[in-house]
Amino acid sequence: MPAGDTAAALVERLLQGDRRALAQAITCVENGETAAGELLAALYPHGGRAHVIGVTGSPGTGKSTLVGALARAYRGRGLTVGILAIDPSSPFTGGALLGDRLRMRDLAGDAGIFIRSMATRGSTGGLSRMAADAVHAIDAAGFQRIIIETVGAGQDEVEVARLAHTVIVVEAPGLGDDIQAIKAGILETADILLVNKADREGAEQTIAALRMMLELRNGTPAVVAHHGAMMAAPATAPSRQEDAWQPPLIATVATEGRGIAETIDAIEAHRAHLTGTPEGREAEERRAEAQLDRALDEALRRLLAEKVDAATYRQAVEDIARRRRDARATAEQLVELLRSRGD
Ligand SMILES: Nc1nc2c(ncn2[C@@H]2O[C@H](COP(=O)(O)OP(=O)(O)O)[C@@H](O)[C@H]2O)c(=O)[nH]1
Ligand SMILES: [Mg+2]
C-alpha cells in the first residue's frame, strides 16, 4: 500500500472511481500485504453489481484478441469494462506480437476500461484466490462488465468457472487438441462456445464437431451463429428442460470483429437468464460456498501453523509417508491437538 495511506482512505478513493486506488488495492492483495484483509472486507459489500465473464481456451485460440474486441463492443454500448488477463503473453501488458499490441493500445487510453494482468507464479490455487479478490475490487470500483482471460491449462478452467457468471470457451481450427479439450470436460463448464479464427481452413470441421457434441449433450439442435447469420436451429431452441440454458455456438473472427455483436448478445442473454431464476441463485450460492470453503481452508491452516509446531507437522507427514498411520487419522490427531490448545 502507498506510504501514508490507510486502508480506509484507499477504499474511499477506490469507491469514488479513482483508478490508481484500484490498481494499488490489487497490488496490495497480490503482495499479500497485511492491510489486504481489511481492504477486501471493506470493499466486499460494495460489489455484486458487475457481470463477470470468463474467457478460457488453449493458447493461440485468440482469447486476448477476443477480449479486446468484446471490451470495445461493450464500450460502444455505453458500458464500462474491467479486464483481468491471467496470461503472461497478453498483449494487454506488452506481451505478444507488435501488431496485436497496437490493436490493444486504444483500450488503454479509455477511462471506461480498466486493464490488469496477473502472473501465474506456479500455484493455481493462490492465483485463483488473487483473481477472485481482484474481481471483487474491480466490481466495487463500479465497472459494469469484468472479463477474465485465462490460459486453458486444466484446473484453471474450473477455477475461472467458479468466479465467472458467464463462461466462454474458445476453440479454433487447426490446433489439433480441440476434441481432447472437450473430452476433458471443458464443454461442461461452457455457457457460450466460440469457434474463433473462423476465417481459417478447417473452421467448418471444428464447428461441425462442436455442434455434434452440443447436440449430444442437449438432446436438441444446437443454436449456431456463423458470420452473423444463424445457420441452423431457431434462435431459441426448444429445450428439454423448460428453463435450462442452451449454450450457443458462435463462429468469430476476432481480428475483424466478426461475430462479436452476436457474442455480446449471447452474454447479455445469459445474464438475463440468470437474473432472478433459481439457476442464477444456485450459481451465486455455489460461488459463495467455494469462497467460504477456500477461506476456511486458509484460516484452519493458519490456526494449525500457530498452534502446532513445525516439527510435529513434519513428523505427521513422515508417519503417513512411512505408512505408520493414514492421512485421515493423522489429521484427526492434529485437530485434537488444536482443540486442546484452543485458547
Ligand atoms: N486469422 C485469424 N487470426 C486471429 C484471430 N483472432 C486472433 N488471431 C491471431 O492469433 C494470434 C493469437 O491471438 P491471441 O489473442 O494472442 O490468442 P490467445 O493466446 O488465445 O490469447 C494473434 O496473432 C492474433 O492476431 C482470427 O479470428 N483470425
Ligand atoms: Mg492471451
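**Entry 1**

Angles of 65 to 115 degrees between two axes count as roughly perpendicular.

Next I asked myself which residues of α4 and α10 meet. From α4 I listed Ala69, Leu70, Ala73 and Tyr74. From α10 I listed Ile260, Ala261, Thr263 and Ile264. Sorted by class, this contact has seven nonpolar residues, one polar residue and no charged ones.

**Entry 2**

Leaving out residues up to four places away in sequence, Ala73 touches Ile260, Ala261 and Ile264. Ala73 and Ile264 are 191 residues apart in sequence, yet their C-alpha atoms are 7.7 Å apart in space.

Is Ala73 buried, exposed or partly exposed? I found 18 C-beta neighbours inside 10 Å of Ala73. A buried residue needs 20 or more and an exposed one has 12 or fewer, so Ala73 counts as partly exposed.

**Entry 3: Ile267, seen from α10**

I then moved to Ile267, which lies in helix α10. Ile267 has 22 C-beta neighbours inside 10 Å and therefore counts as buried. What does Ile267 touch, not counting residues up to four places away in sequence? My list reads Ile53, Thr166 and Ile192. For the pair Ile267 and Ile192 I noted 75 residues of separation in sequence, and 7.6 Å from C-alpha to C-alpha.

**Entry 4: around ligand 1**

I turned to the shell around ligand 1, where there are 17 residues. Gly62, Lys63, Ser64, Thr65 and Ala254 come nearest. Which helix gives the most to this shell? Helix α4, residues 63-76, does, with three residues. So much for the names; by class I wrote down five nonpolar, seven polar and five charged residues.

I looked up helix α11, residues 278-307, together with helix α13, residues 327-340. Their axes come within 10 Å and cross at roughly 70°. Because of that angle, α11 and α13 are also put down as roughly perpendicular to each other. Leu303, Leu304 and Lys307 make the contact from the α11 side. Leu334, Leu337 and Leu338 make it from the α13 side. The class count for this contact is five nonpolar residues, no polar ones and one charged.

**Entry 5: two positive phi angles**

Lys197 has a phi near 60°. Lys197 sits in the loop between β6 (192-195) and α9 (203-218). Arg323 has a positive phi of about 60° as well, and Arg323 lies in the loop between α12 (310-321) and α13.

Arg323 has 7 C-beta neighbours inside 10 Å, so Arg323 counts as exposed.

**Entry 6: the whole chain**

I stepped back to the totals. I noted 13 helices and nine strands in the protein. Buried residues make up 38% of its 343 residues. Of the contacts with a separation of 6 or more, 71% are between residues 24 or more positions apart.

The mean pLDDT of the protein is 84. I also noted that 83% of its residues reach 70 or more. Where is confidence lowest, and where is it highest? The lowest is in strand β8, residues 229-232, at a mean of 46. The highest is in helix α10, residues 260-274, at 97.

Over residues 228-240 the pLDDT is below 50. Beyond near neighbours in sequence, this stretch has 27 contacts in the model. My reminder to myself is that where pLDDT is low, the predicted coordinates should not be read in detail.

How values were computed:
Residues are numbered from 1 along each chain as its sequence is written. Chains are lettered from A and ligands numbered from 1 in the order in which they are written. This is a predicted model: local features need pLDDT of at least 70, side-chain atom pairs count only at pLDDT 80 or more; totals for chains, interfaces and linings use all residues. pLDDT is the predictor's confidence in each residue, from 0 to 100. Helices (H or I, at least four residues) and strands (E, at least two) are DSSP runs, numbered from the N terminus. Two residues are in contact if their C-beta atoms, placed from the backbone, lie within 7 Å. A residue is near a molecule or strand if its C-beta atom, placed from the backbone, lies within 6 Å of it. Ala, Val, Leu, Ile, Met, Phe, Trp, Tyr, Cys and Pro count as nonpolar, Asp, Glu, Lys and Arg as charged, and the others, Gly among them, as polar. Axes are lines fitted to C-alpha atoms, for helices over the stretch in contact, and angles run from 0 to 180 degrees between N-to-C directions. Angles under 35 degrees count as roughly parallel, over 145 as roughly antiparallel, 65 to 115 as roughly perpendicular and the rest as oblique.
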